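Open the model in your viewer and keep the selection tool at hand. We will go through it one selection at a time.

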Amino acid sequence: MKTRNKLAGMLSALVLAAVGALMLSRNVSAAGEGKITGTVKLAGTAPHQRAIDMSKEPYCQKLHADHPVTLENVVVGSNGGLQNVVVYVSEGLPASAGGQVPSEKPKWDQKGCQYIPHVVALDINQHFLVTNSDPTSHNIHPIPTKNPQWNKSQPPGAQPFDVSWANEEVSIPVKCNIHPWMHGWMAVVKGPTAVSDGNGSFTLDNVPPGNYTLTAWQETYGAQTQKVTVAAGKPATADFTFKAK
Amino acid sequence: MAKVFAVTVILIAIGSAIPILMHKWVPPVDISTHGPLIDEQLSETMVEAGISFLAAQFILGLFVWKYSNTPKSAKIRNFPGGATGLVTAAVLLVGLEAMALGIFGAKAWASVYFTPPKPDALKIQAQAGQFAFYFRYPGPDGRFGPIHPDLINEGTQNFFGLDPDHDPDSKDDIVTAELAVPVNREVHLLMHAKDVGHSFFVRELRIQQDFVPGLDVSVHFTANKTGRFEIVCTQLCGLGHYNMKAYLSVLSQPDYDTWLKQQATMQ
Amino acid sequence: MHDMSAHALQHHAPPPGFVRKHIFSLDHKVIGEQYYGLALLAVLIGMVLSWIMRLHLAWPDVHIPGLQLLSKNGAPGGVLTPEYYLQLMTMHGTIMVFFVLTTAPFAAFGNYFLPIQVGAEDMPFPRFNMMSFWVTFVSFCVAVAAFFVPDGPPLSGWTAYAPLSALGAIAGPGQGMGQVLWAVSIAIFCVGQLLGALNFITTTLDMRCKGMSLMRLPLTVWAWFITSCMGLTAFAVLLPACILLFLDHVAGTSFFIPGDLVVSDTLQPHAGGSTLLWQHLFWFFGHPEVYIAIVPGMGIVSHVLITNMRRPMLSHRVLIYSMGALAFLSYMVYGHHMFVSGMNPFSSLAFSFPTLAITIPSTIIVLIWIGSLYGSKLRINSPSLFALGFISLFVSGGVSGFFLAQPSIDIILHATYFVVGHFHLVMALAATFGIFAGTYFWFPKITGRMMNETLGKIHFWFTFVGAYCIFMPFHYLGMAGNVRRYQAFVDDFMQPFIPVHKFITVAALVTGGAQILFLYNLIYSRFRGQPASENPWQATSLEWTIPSPPPFNNFGDRIPVVYHDPYQYGVDGASDDYVMQDSPEQTQSVRDEK
């Protein structure tokens with residue numbers, strides 16, 4: 001009995017130590033790196049986003065019968081925040097930085113004849129999963145200029161595609177030829193990157209202290225840049241404003 | 001064995017004819033004004049082809065039955081009339097029948113292709129691309145704005161490459177994913193292919209016409225029954241060919257007007 | 001002629017060594033066998049492809065075990081993707097039309113028997129002949145290589161309509177490298193067939209033995225000769241067409257690509273080409289190709305039937321003229337593939353009449369066959385059963401031509417399963433029956449052994465009934481509006497047809513499976529079959545005057561001389577009911593056409 005308690009005690013101590021060490025090591029690495037946060041806004045009135053007629057695919061049409069899906073070229077939140085803007089560090093990263101490819105695999109889902117998300121930001125060689133949640137076949141047709149093009153069907157219930165891009169490219173248009181209204185973008189950049197959320201806000205993690213050029217890219221309005229300085233242990237802020245045409 | 005062959009051939013011939021006589025596998029009910037001519041031509045051809053088919057199979061079976069295993073001592077006999085008779089029969093019976101079919105069938109073809117559409121026919125543009133059809137109505141001005149291929153972008157729903165900011169004719173153009181036409185009104189469909197070859201086929205409308213990239217062709221028709229029908233692509237156009245379709249709605253004039261107004265608001 | 005006989009002297013013994021004797025052989029017989037072997041390999045691949053397609057059509061979610069090994073992307077987990085269905089379909093069509101229907105009845109049997117039947121020692125250009133086979137073999141390898149390139153074979157169908165076939169990878173999977181390989185393969189194939197056709201024509205015209213006037217040539221020789229003439233002109237048009245297609249891919253030309261095309265939102269950097277040009281070039285080859293596949297079958301069927309009816313056809317001449325008329329008309333009718341293609345609707349009508357007129361020679365041929373059965377002494381055996389089956393299928397496939405020849409009816413039947421049923425019956429199946437009839441008939445001559453009759457008959461019944469079970473329902477589906485080249489029937493209109501497709505699939509599997517009987521019979525009889533005599537069918541033409549299998553130089557030291565027309569059966573005053581073509585025996589035949 002006594003020995004068993006002892007053993008359990010030693011084991012839990014070991015586990016605790018291990019967990020502590022892990023947390024510590026993460027803190028150590030994060031301590032030296034900063035963060036950039038910010039908001040992207042749209043000045044002016046957003047253009048009218050046309051409703052999409054999905055009558056060709058009766059399943060999707062029925063699915064959206066009550067709330068017709070509209071275009072997603074300019075998606076503005078209630079606070080004027082601009083969604084789906086890719087923000088990334090375009091200049092100033094040390095050559096050593098960003099060498100580590102994130103192990104997290106973002107999902108690129110086809111659901112209700114829409115791409116979810118509409119825009120995805122990826123690191124070079126970062127794997128992502130293409131899935132089909134619809135009971136109909138889709139084809140995924142990215143049309144890159146700096147990466148090899150591919151075009152593959154994904155029947156309902158098929159295994160997800162596990163794919164990646166080898167070269168930097170902002171941004172690769174992706175379309176489904178079977179459902180021509182399905183349209184999305186994949187941004188492939190080296191290093192920290194984020195896509196603005198429904199309020200237009202974004203966070204770039206793991207940015208080491210230094211001076212950078214930050215780029216925000218939006219599918220309709222193009223790219224904007226600004227300089228930003230990240231100091232150790234202090235998040236920097238960078239806000240962008242796009243003008244409606 | 002010869003008898004088995006004879007019986008089999010005759011049974012196959014009868015068996016093949018039964019589904020035809022049952023009228024189960026026939027083209028769907030026609031909704032066009034020119035369709036009856038085609039349907040009539042189809043049934044006349046069916047009668048002639050059917051008779052030739054049955055006759056040939058029956059006689060083949062019969063002769064195989066009768067002239068196999070003839071004793072060795074039997075003498076070879078020639079078919080009465082010989083080759084001359086058969087050639088005459090082929091030319092007179094089958095050849096002339098076929099030519100007659102062709103001549104009378106030309107009427108049905110002419111009704112679709114040789115009769116120009118009336119000037120007041122409703123002009124609609126159809127565009128085919130991998131793998132969907134889109135349609136364009138000229139709007140109140142009755143004119144289609146020009147197509148700018150470099151502006152075509154399905155991601156922004158600019159399927160036709162229109163530039164309403166610079167082309168006044170494009171301003172009121174109505175682009176739809178469904179083809180709606182008023183009943184009993186002649187429609188002149190202008191067909192434009194965006195990328196590769198496609199085809200416009202509506203079974204009930206008795207219209208099938210390829211879209212030719214680089215060459216704008218047109219068809220015209222008058223639908224005389226209301227309803228919703230499938231438009232399918234029948235020219236192999238790529239991986240989504242099997243799912244390239246749209247719908248044709250034949251509406252009463254008031255319904256059509258309402259529909260068009262509603263579509264105009266959605267632009 | 002002097003050169004020929006001098007050449008013949010050094011040609012008496014086969015060359016030493018396995019490679020020269022069996023692989024790079026100059027002997028027309030070996031080359032014929034090689035073509036047959038190639039066709040057999042090709043037909044097996046083509047048939048398996050059709051099974052996969054049939055299974056997928058009937059049960060779209062079906063897992064076909066092992067298919068993912070062929071293509072990880074095309075059939076993940078063994079389930080066909082839409083593009084891979086079309087890619088397999090393209091390869092099925094390409095392999096079957098080019099490497100089976102063109103090679104087996106024409107190149108295989110023609111090479112083997114045409115020189116013997118005209119009484120020649122070999123073809124006049126044996127090296128061209130050898131090249132013809134090996135070029136065809138390379139072409140086959142290039143075609144099959146398309147399975148193994150990253151995006152797989154092309155998906156544009158065996159007709160490779162431009163601009164889908166010309167735009168490259170942007171137009172779809174397989175349209176890049178796969179389509180380039182396709183164009184290269186077919187171009188090479190054309191070269192092989194041109195070489196073969198030259199040899200056939202020269203042999204027929206220049207190598208006939210003494211007494212072998214043109215009208216004394218067997219119907220098979222006439223059929224192959226007519227086919228060669230068609231091949232010479234048809235492949236000569238397809239060859240440049242494929243080269244132009246190839247250039248559109250690799251050299252940035254725009255022969256078949258007009259300007260202002262926008263594929264997947266990408267404006268294409270091409271201008272000035274014509275898409276209809278490809279269709280015109282392709283079908284100018286494509287329609288004669290149908291007759292290239294079927295006319296040799298007509299020759300074989302006539303030859304086999306005559307032997308087994310123990311009588312000549314009612315008219316030798318009329319059959320020859322009719323086959324010639326078919327060949328001639330086949331160039332004037334190609335436009336019936338393009339009635340709704342967007343060409344001038346007046347040309348549709350102009351193409352419609354020659355198409356309808358082609359029923360006349362076809363009907364004459366069928367009536368002569370059937371009319372000759374009257375009063376004959378028909379023997380039922382495997383070759384004659386397949387020959388009779390050919391007639392039945394040719395009629396069934398032919399009558400649907402009445403419909404498709406008329407542009408107005410074509411409006412509703414074009415691109416439906418009606419067309420698929422039509423050309424499978426009249427071209428694919430009938431030609432296949434011709435191949436089977438020829439195989440059962442000539443096997444004893446080629447190998448010196450008989451094929452097993454019982455197995456042959458069982459094989460016939462399965463194939464004959466199966467063929468109708470598969471292809472008759474296609475016509476009904478087509479009339480009801482089932483369009484072709486769809487990998488699945490997703491819309492409400494076509495879903496009710498799926499049970500019929502299930503029936504067809506089962507029939508296709510059974511019929512295809514029955515071909516194992518044939519393969520087994522072929523291999524078993526090759527080694528264990530009953531030894532065959534020189535002339536087991538009591539036939540009259542020259543191939544039956546030499547030993548089975550024939551010696552290297554066909555006639556040995558004997559120089560054949562011909563005294564009669566090839567089909568002296570049922571003759572009065574003869575010692576038997578037939579007289580060999582090279583027998584000087586005088587008969588009172590009135591049919592001898594000099």
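Predicted model: local features only at pLDDT ≥ 70, side-chain atom pairs only at ≥ 80, totals over all residues.

Stop 1: Select residues 2-113 of chain B and colour them. That is domain 1 in the domain assignment.

**Stop 2: where they touch.** Show the residues in contact across the boundary. Domain 1 of chain B brings 14 residues, and domain 2 of chain B brings 17. Between them the two domains bury about 1,200 Å². Carbon and sulfur atoms carry 53% of that area.

**Stop 3: three residues of domain 1.** Select Pro28(B), Ile31(B) and Tyr113(B). In domain 1 of chain B, these lose the most area to domain 2 of chain B. Together they make up 47% of what the domain 1 side buries.

**Stop 4: the salt bridge.** Which residue forms a salt bridge with Asp39(B)? Select Arg206(B): this is the partner, and the closest N and O atoms are 2.7 Å apart. The count of salt bridges between domain 1 and domain 2 of chain B is one.

**Stop 5: polar contacts and helices.** Then select helix H2 (35-67) and helix H3 (82-113) of chain B. Each supplies at least two residues of the domain 1 side that touches domain 2.

**Stop 6: colour by residue type.** Stay on that side of domain 1 of chain B. Its residues divide into seven nonpolar, five polar and two charged.

Note on methods. Residues numbered from 1 in each chain as written. Chains lettered and ligands numbered in written order. Heavy atoms only, no water. Domains from an automatic or database assignment. Contact = heavy atoms within 4.5 Å. Buried area = accessible area lost by both parts, 1.4 Å probe. Salt bridge = Lys/Arg side-chain N within 4 Å of Asp/Glu carboxyl O. Helix = DSSP H or I, 4+ residues; strand = E, 2+ residues; numbered from the N terminus. Nonpolar A, V, L, I, M, F, W, Y, C, P; charged D, E, K, R; others polar.
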